Amino acid sequence: MNKEEQKLKLQEQYPSATFDEIGQWLVMNISVADWLATAQALRTAGYDYMFCLTCVDFKTHFTMVYHLESTTERTPLVIKVQLERNNPEIETVSHIWRTAEFHEREVYELFGVNFLNHPDLRLLILPDGWEGKNPLRKDFEDNVNMIKL
Amino acid sequence: MYSETMILNERSQIPPSGGGGAVFDDMIINVGPQHPATHGVLHLVITLNGETIKKVEPHLGYIHRSIEKMCESLSFRQFIYVTSKMDYLSSHINNHGCCLCVEQGLQIEVPQKAQVIRVLMDELTRIASHVLWWGAMAMDVGALTPFFLSFREREMINDIMEESCGTRLTMNYMVPGGVMADVHPNFVRRVNEFISHFKSKIDEYDELVTNNIIFQNRTKGVGVLSKEDAISFGVTGPAARGSGVRCDIRKLYPYEIYSQLNFEEVIETAGDSFARYVVRLRELRQSMHIIEQLINTIPEGDFQAKTKAVLKLPKGEFYSRIETARGEFGVYIVSEGGTTPYRIKFRSPGFSNLSVLDHIARGGKIGDLVAMMGTLDLVIPDIDR
């Protein structure tokens, strides 16, 4: 399945999604409200391997980036979900792709994104008792440990 | 039975076998952060019922350096070398992955000679990593001799690396567009010497450990990971191939000259610790086979493409995937068109491989935990980043 076929197929299934073809793989933008249902449908459609889950802070908003792949067809798909910066919340997908559990915990502490219904949303990397500031946000300041080049 | 330092919690519902109706409490023990079997500062909080593991909870961050944040203030030439400090046993391959991503963004054509040198170095790194793992793994389950044998072979590779790259462990030999310098004149001779030496020694590895009945009893049927779970947990590398998952990036998405090379993707299907062990030993032979195909025919030409002094990636997103000794390493760069990356995410194989530990350890015995951890081949700086 090439990129064009993949796009046509997905366009039919998810009419509300928009598509970009900027990178090497097809990018599908969907809204936060649609995410859980879309994730479940994609898993059923064969995208069984999530090889990357991360978040990008664009100063005005956050973007969750999910890299998915089917282990039988090997056509990667990138899903992007835009989140509000003030109160970033998104449904967890850790029950669909188990690898998401750890990756979501990482994003939770480094970006402050709240994953709804996550089974175990606690700090993973940061020390216990860490409050407030999320290190990978662009406005994070640490005058003691960070050296500005 | 319980010492005061052990913390007791909830009353267990499962009566342990032979308990004679007595009710036992769960016991929580801490393995690490300083523990010889974790090979680094990994902290596992283990809930036990008798000897049976009920839960394994990893606590990370003891050496978290926030490399992703650090990279946001480094140039596209500089950030490559920070990744050497992630998975220090595949530092060369990590650098390679970053270079592939930058080259993809700038559409740099890498000269044939540089590609061959890169692949040779990658495979030497893979051998060095697997060999060290083999010694450490055997040591974890109680055999001390292999550790010394493995260092004998690893030392030869480190010497080769030192000659050509200047350093023994964190090579920093890659640059966008090729490699930093041509290989040392002794390189071909010494690699050939190593291959002929190692060919005779790898059979010794099999005799000493693989065919050892005690070792087999310690690892067979321990920490069984099914194919579906391996995919769902994002397990990659030899750990997943031991469960029958095809996940070798060298075969699936060939980079450099891997598509022209003759080698086999090693797959085992048992899914237990022994299968993961066998995959790595078979991969050693495959890596040797790859090196043999290339070492005597390194093409003439440039070892580096001409690139600008200051690299600026166009606005957009770039993702490269590469097979390290531990699994799939991904580099995700978001560029805003400047001289530094806007955001970098490293998808490290160790992080995903660790997440499956709780799943495969449940129901197993505490004594087998090192055999499960050992065959996942965890490198802690790679997990923490």
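Trainee: At what angle do the axes of helix H3 (residues 91–106) of chain B and helix H4 (residues 112–140) of chain B cross?

Mentor: In this predicted model, the axes of H3(B) and H4(B) cross at roughly 145° and come within 9 Å. A pair of packed helices is described by the angle between the axes and the distance between them.

Trainee: How do you know that H3(B) and H4(B) meet, and which residues take part?

Mentor: Contact requires heavy atoms within 4.5 Å. On the side of H3(B), the residues are B:His92, B:Ile93, B:His96, B:Cys99, B:Leu100 and B:Glu103. They meet B:Arg118, B:Met121, B:Asp122, B:Thr125 and B:Arg126 in H4(B). Sorted by class, this contact has 4 nonpolar, 3 polar and 4 charged residues.

Trainee: Across which strands does H3(B) lie?

Mentor: H3(B) lies across S7, S8 and S9 of chain B, and its direction runs at about 145° to S7(B). These 3 strands form an open sheet in the order S7-S8-S9, with antiparallel pairing.

Trainee: Why are strand S7 (316–323) and strand S9 (343–347) of chain B said to stand at the edges?

Mentor: S7(B) and S9(B) each have a single partner strand, so one side of each is left without a neighbour in the sheet. On average, neighbouring strands of this sheet are turned by 10° against each other, direction ignored.

Trainee: What makes strand S8 (residues 328–335) of chain B and S9(B) a pair?

Mentor: Pairing calls for at least two bridges between the strands. There are 5 bridges between S8(B) and S9(B), therefore the pair meets that condition. B:Tyr332, for example, has B:Lys345 in S9(B) as its bridge partner.

Trainee: Let us turn to chain A. What is the strand order of its open sheet of 5 strands?

Mentor: The order is S1-S2-S5-S4-S3, and the pairing is mixed. Strand S1 (18–20) and S3 of chain A stand at the edges, because each has a single partner strand and one side without a neighbour in the sheet. From one strand to the next, the twist averages 25°.

Trainee: Which helices pack on this sheet?

Mentor: Helix H1 (residues 3–13) of chain A lies across S1, strand S2 (26–30) and S5 of chain A, at about 20° to S2(A). Helix H3 (residues 100–111) of chain A also packs on the sheet, touching S3 and S4 of chain A, and its direction makes about 5° with that of S3(A).

Trainee: Why is strand S4 (residues 61–69) of chain A called mostly covered?

Mentor: A residue counts as buried under 20% relative accessible area. In S4(A), 9 of its 9 residues are buried. Both faces are covered: A:His61, A:Thr63, A:Val65, A:His67 and A:Glu69 lie on one side, and A:Phe62, A:Met64, A:Tyr66 and A:Leu68 on the other.

Trainee: How many bridges join S4(A) to strand S3 (residues 49–57) of chain A, and how many to strand S5 (residues 77–84) of chain A?

Mentor: S3(A) and S4(A) run antiparallel and are joined by 8 bridges. A further antiparallel pairing links S4(A) to S5(A), with 8 bridges. Towards S5(A), A:Thr63 faces A:Gln82. The hairpin of S3(A) and S4(A) has 3 residues between the strands, and there A:Lys59 takes a positive phi near 65°.

Trainee: What is the volume of the largest pocket, and which residues are the closest to its centre?

Mentor: Its volume is about 800 Å³. Of its 26 lining residues, A:Phe140, A:Met146, B:Ser66, B:Lys69 and B:Met70 are the closest to the centre. The lining divides into 13 nonpolar, 5 polar and 8 charged residues.

Trainee: Which elements of chain B each supply at least two residues of the lining of the second largest pocket?

Mentor: They are H3, H4 and S7 of chain B. This pocket holds about 410 Å³ of space. Among its 18 lining residues, A:Gln24, B:Leu100, B:Gln104, B:Tyr255 and B:Ser320 are the closest to its centre. By class, the lining has 8 nonpolar, 5 polar and 5 charged residues.

Trainee: Why is B:Leu252 called buried?

Mentor: The relative accessible area of B:Leu252 is 18%. The limit for buried is under 20%, so B:Leu252 qualifies. This residue is in helix H10 (residues 249–252) of chain B. Leaving aside neighbours within four places in sequence, B:Leu252 is in contact with A:Arg74, B:Arg246 and B:Cys247.

Notes. Residues numbered from 1 in each chain as written. Chains lettered and ligands numbered in written order. Predicted model: local features only at pLDDT ≥ 70, side-chain atom pairs only at ≥ 80, totals over all residues. Heavy atoms only, no water. Axes fitted to C-alpha atoms, helices over the stretch in contact; angles between N-to-C directions. Helix = DSSP H or I, 4+ residues; strand = E, 2+ residues; numbered from the N terminus. Nonpolar A, V, L, I, M, F, W, Y, C, P; charged D, E, K, R; others polar. 1 Å grid on protein atoms, 1.4 Å probe; cavity = no way out; pocket = protein on both sides within 12 Å on 5 of 7 lines; lining within 4 Å. Points joined across faces, edges and corners; volume = space filled by probe spheres on them. Buried < 20%, exposed > 50% of the residue type's maximum accessible area, 1.4 Å probe, protein only.
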